[in-house]
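Subject: Structure for you to look at

Hi,

Here is the structure I promised to pass on. Please open it beside this email and follow along.

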Amino acid sequence: MLEKVRESDVSRAIIEGFTKDLLDHTSTDVVIVGSGPAGLTAAYYLSKEGIRTLIIERNIYAGGGFWQGGFLFPKTVVQSPGNEIIEELGVEMEEVKPGLYMADSFRIVSKLLSKTAEAGAKLLNSTYVDDVIYKDGRISGVVVNWFPITQMPKFITCMDPIALEAKVVIDATGHDAAISTRAREILGLESIDPGERRHGAMNVSEAEEAVVEHTGEIIPGLVICGMAVATIYRTPRMGPIFGGMLLSGRKAAETASAIVRKKVPVE
Ligand code: 48F
């Protein structure tokens with residue numbers, strides 16, 4: 001026999017649980033925009049360190065492009081040392097060539113999601129970042145709204161967003177590089193139209209190295225990682241391989257953690 005429940009108690013549990021999470025993060029340590037491989041890896045390492053981390057994702061589900069490996073096939077391929085991050089999660093990988101590893105995407109993403117949640121990170125899904133807070137020469141938070149309103153007719157979507165403050169914002173929005181593009185616009189820097197995707201021709205190894213190398217704080221308070229780096233720095237195409245995304249996410253976490261703990265001077 002199932003427990004008999006009151007409808008209003010179910011509603012109350014949802015509303016109270018969600019409200020508590022949101023209130024806990026109206027001013028937080030790190031906001032990560034985008035929950036693909038780079039953003040999730042950053043969230044995993046930051047929350048494991050006890051840093052208060054909120055992931056904001058416009059989709060209803062987290063994982064971004066991590067659910068499929070390429071050509072819609074759900075196999076994830078990584079080169080070393082990216083496999084170490086996946087094996088640390090408890091997913092064994094098959095070595096298909098020396099230094100090249102493969103596993104089922106859904107095993108990897110589900111493990112990364114559960115470990116990140118267990119470590120304490122919170123996910124604000126169906127929510128998009130529309131703008132940043134820029135104060136005293138730093139990016140100091142994000143402006144958010146429900147993603148579904150972007151799909152509604154204009155005359156009923158004049159809904160004001162809300163703002164969430166953070167010591168560090170991480171742009172993990174993939175190809176869009178949405179946060180970095182907006183921040184650069186605010187600072188009057190040369191704009192990069194993500195629509196153009198001016199990556200060079202495919203060169204997996206060069207592109208992956210470049211993404212990891214350029215991962216870092218590009219504007220005070222704003223750290224960029226993953227595919228967003230490729231857009232901003234116009235690296236070659238990297239194709240369906242994820243080692244660089246994982247290492248970039250981990251490097252973003254280290255950078256953000258150092259800023260939160262004020263180990264490095266902010267440029
Ligand atoms: O695209 P995505 O998976 O970015 P990534 O973590 O990884 C790239 C790889 O998946 C793949 C690849 C591997 O070599 O080539 O492309 O850099 O995840 C980006 C996430 O950000 C969300 C978007 O829905 C996706 O889940 N996103 C983008 N813009 C916004 C956003 C926004 N303004 N607000 C909230 N979420």
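Start with the ligand. It is surrounded by 27 residues, and the closest are A38, E57, G65, M227 and I241. Keep in mind that this is a predicted model.

**Contacts of the ligand**

In E57, a side-chain N or O atom is 2.7 Å from an oxygen atom of the ligand. In R58, a polar side-chain atom lies 3.0 Å from a ligand oxygen. G239 uses its backbone instead: a polar atom there is 3.2 Å from an oxygen atom of the ligand. How much of the ligand does the protein cover? On its own, the ligand has 740 Å² of accessible area, and the protein covers 90% of that.

**The pocket and the shell**

The ligand sits in the largest pocket. Which element gives the most to the shell around the ligand? Strand β7 does, with three residues. Both α2 (37–48) and β7 (127–135) supply at least two shell residues each. Sorted by class, the shell has 12 nonpolar residues, 12 polar ones and three charged ones.

**T53**

Next, go to strand β2, which spans residues 53–56 and contains T53. Is T53 buried or exposed? Its relative accessibility is 1%, and buried means under 20%, so T53 counts as buried.

**A177 and helix α5**

Now look at the loop between β9 (162–171) and α5 (178–186), where you will find A177. A177 has a relative accessible area of 0%, so it is buried too. Where does A228 lie relative to A177? The two are 51 residues apart in sequence, yet their C-alpha atoms are 4.3 Å apart in space.

Move on into α5. Its buried residues include I179, S180, T181, A183 and R184. An α-helix has 3.6 residues a turn, so residues three or four places apart point the same way. After α5 comes G188, whose phi is positive, near 70°.

**Where to begin**

I would take the ligand before the rest. After that, visit T53 in β2 and A177 in its loop.

Best wishes

Methods. Residues numbered from 1 in each chain as written. Predicted model: local features only at pLDDT ≥ 70, side-chain atom pairs only at ≥ 80, totals over all residues. Heavy atoms only, no water. Near = heavy atom within 4 Å. Polar contact = N/O pair within 3.5 Å; in protein donor to acceptor, adjacent residues only side chain to side chain. Areas by Shrake-Rupley, 256 points an atom, 1.4 Å probe, with all protein chains shown as cover. 1 Å grid on protein atoms, 1.4 Å probe; cavity = no way out; pocket = protein on both sides within 12 Å on 5 of 7 lines; lining within 4 Å. Sits in = over half its atoms within 2 Å of the grid points. Helix = DSSP H or I, 4+ residues; strand = E, 2+ residues; numbered from the N terminus. Nonpolar A, V, L, I, M, F, W, Y, C, P; charged D, E, K, R; others polar. Buried < 20%, exposed > 50% of the residue type's maximum accessible area, 1.4 Å probe, protein only.
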